[in-house]
Amino acid sequence: MARTSLRRIPAVLWTWYRGGNFRGFQRQVEGPTVQDALENALEQAGSPATVMPSGRTDRGVHARMQVISLRLNEDVPLDSLPARLAPHLSPDVGLCIAKRPPGAFHAQWSASSKEYRYHLTLGTPPPEAWRPYALDVAADETLQAGHRVTPEKLEGLLARAVGTRDFTAFHERSSPQKPRALQSATLRELGGGLFEARLEGDGFARYQVRYLVGSALKVAAGLLSEEQWHAALDSGTALPGFKAPAHGLVLWEVRYPSAVDPFGPGERLHPPGLPDAPPFTGAPPG
């Protein structure tokens, strides 16, 4: 008698990763990539699948919350999947939650907004644990010719970027030119000289967060004028901006309408298995 094949049905994963050792999320000829790591682990755990993320992150960018859509055999026990994948993953990648999504959920197309956080230090070197994950503004060659960047100045410039526009001066030409809503842009002090720029929007073009933060730093340092900053935001006028290094950037959270959100408030607040260490934590010790 022929063996009955199992149905493959949708699943959703909350994954995290430190991107320093990866050439981005998407599979490519020259690896390693996060997609390679996840798909290889699924294969070795006996649950092969192709993963589809909420969005691709670039080389060196980290993710506290990357949401993955995939299809798995109906008999795969999702509650034990994080533990089953763990032995097949490097210490830089992990899985917090695996479950069945509600309705016609898709990790990318169902998303309503994303939050990115960029870590940097102003005036002091990063605390030791944060060195791989934060830009040392005072030591960066692109910014050294300017004057000291103050938190107040930087936060004011970021706030000026809030609104709906195409941000064409702040992303690669490979990304479509279309209106994107930057819903908030704030700067939080975490202690120990460490700051966190938090940007939330309905969608981001390639390198948009890095160009916004980096160019705001150049203006705050007096290396670009505020008039150039305003013109770039309001009319897309090109400016000799600065793409902040990838190592400071974290895809922090992906949000969905409540009707299709796979994750509850408690899971979002305290995701199981997320490392309690940089770049996913708040203030450094001391």
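Tyr207 sits in the loop between strand E9 (194–201) and helix H4 (208–220). The model is predicted. In this model, Tyr207 has a positive phi of about 70 degrees, although it is not a glycine. Tyr207 is buried, because its relative accessible area of 15% falls under the 20% cut-off. Phe167 is another non-glycine residue with a positive phi, here about 50 degrees. Phe167 belongs to the loop between strand E7 (163–165) and strand E8 (180–191). With a relative accessible area of 1%, Phe167 is buried.

Tyr207 is also one of the contacts of Asp58. Leaving out residues up to four places away in sequence, Asp58 touches Gly24, Arg206 and Tyr207. Asp58 is located in the loop between strand E2 (52–53) and strand E3 (62–73). Its relative accessibility is 19%, so Asp58 counts as buried. The cut-off for this class is under 20%. An unreviewed UniProt entry gives Asp58 the annotation "active site". A salt bridge joins the side chains of Asp58 and Arg206, with an N to O distance of 3.1 Å.

The protein is divided into two parts, domain 1 (8–107) and domain 2 (113–251). Their C-alpha centres lie 28 Å apart. At the interface, 13 residues of domain 1 are in contact with ten residues of domain 2. About 890 Å² is buried between domain 1 and domain 2. Carbon and sulfur atoms give 55% of this area. On the domain 1 side, Asp58, Val61 and His62 lose the most area to domain 2. Together these residues make up 54% of what that side buries. One salt bridge is found across the interface of domain 1 and domain 2. Seven residue pairs in polar contact are also found across this interface, both residues of each pair being at pLDDT 80 or more.

The unreviewed UniProt entry places the feature "binding site" at Tyr116. This residue is part of strand E5 (residues 113–121). Tyr116 is buried, with a relative accessible area of 10%. Neighbours within four places in sequence aside, Tyr116 is in contact with Ala197, Arg198, Leu199, Phe204 and Val209, and also with Leu249, Val250, Leu251 and Trp252.

Arg8 lies in strand E1 (residues 8–17). At a relative accessible area of 35%, Arg8 is partly exposed, since this class runs between 20% and 50%. Arg8 and Arg71 are 63 residues apart in sequence. Their C-alpha atoms are 5.6 Å apart in space. The side chain of Arg8 reaches the backbone oxygen of Arg71 at 2.7 Å. The Arg8 side chain also reaches the backbone oxygen of Pro48, at 2.8 Å. Beyond residues up to four places away in sequence, the contacts of Arg8 are Pro48, Ala49, Arg71, Leu72 and Asn73.

Two cis peptide bonds complete the description. The bond from Gly31 to Pro32 is cis, with omega near 0 degrees. Pro32 is placed in the loop between E1 and helix H1 (34–44). The bond from Pro278 to Pro279 is cis, with omega near 5 degrees. Pro279 falls in the segment after helix H6 (265–269).

Notes
Residues are numbered from 1 along each chain as its sequence is written. Side-chain values use heavy atoms; hydrogens and water are left out. UniProt positions are given in the numbering used here, feature names are shortened, and annotations may be inferred rather than shown by experiment. Helices (H or I, at least four residues) and strands (E, at least two) are DSSP runs, numbered from the N terminus. Buried means under 20% relative accessible area, exposed over 50%, partly exposed in between (1.4 Å probe, protein chains only). Contact means heavy atoms within 4.5 Å. Domain bounds come from an automatic or database domain assignment. Buried area is the accessible area (1.4 Å probe) that two parts lose on being put together, summed over both. A salt bridge is a side-chain nitrogen of Lys or Arg within 4 Å of a carboxyl oxygen of Asp or Glu. A polar contact is a pair of N or O atoms within 3.5 Å; within protein, one must be able to donate a hydrogen and the other to accept it, and residues adjacent in sequence count only if both atoms are side-chain atoms.
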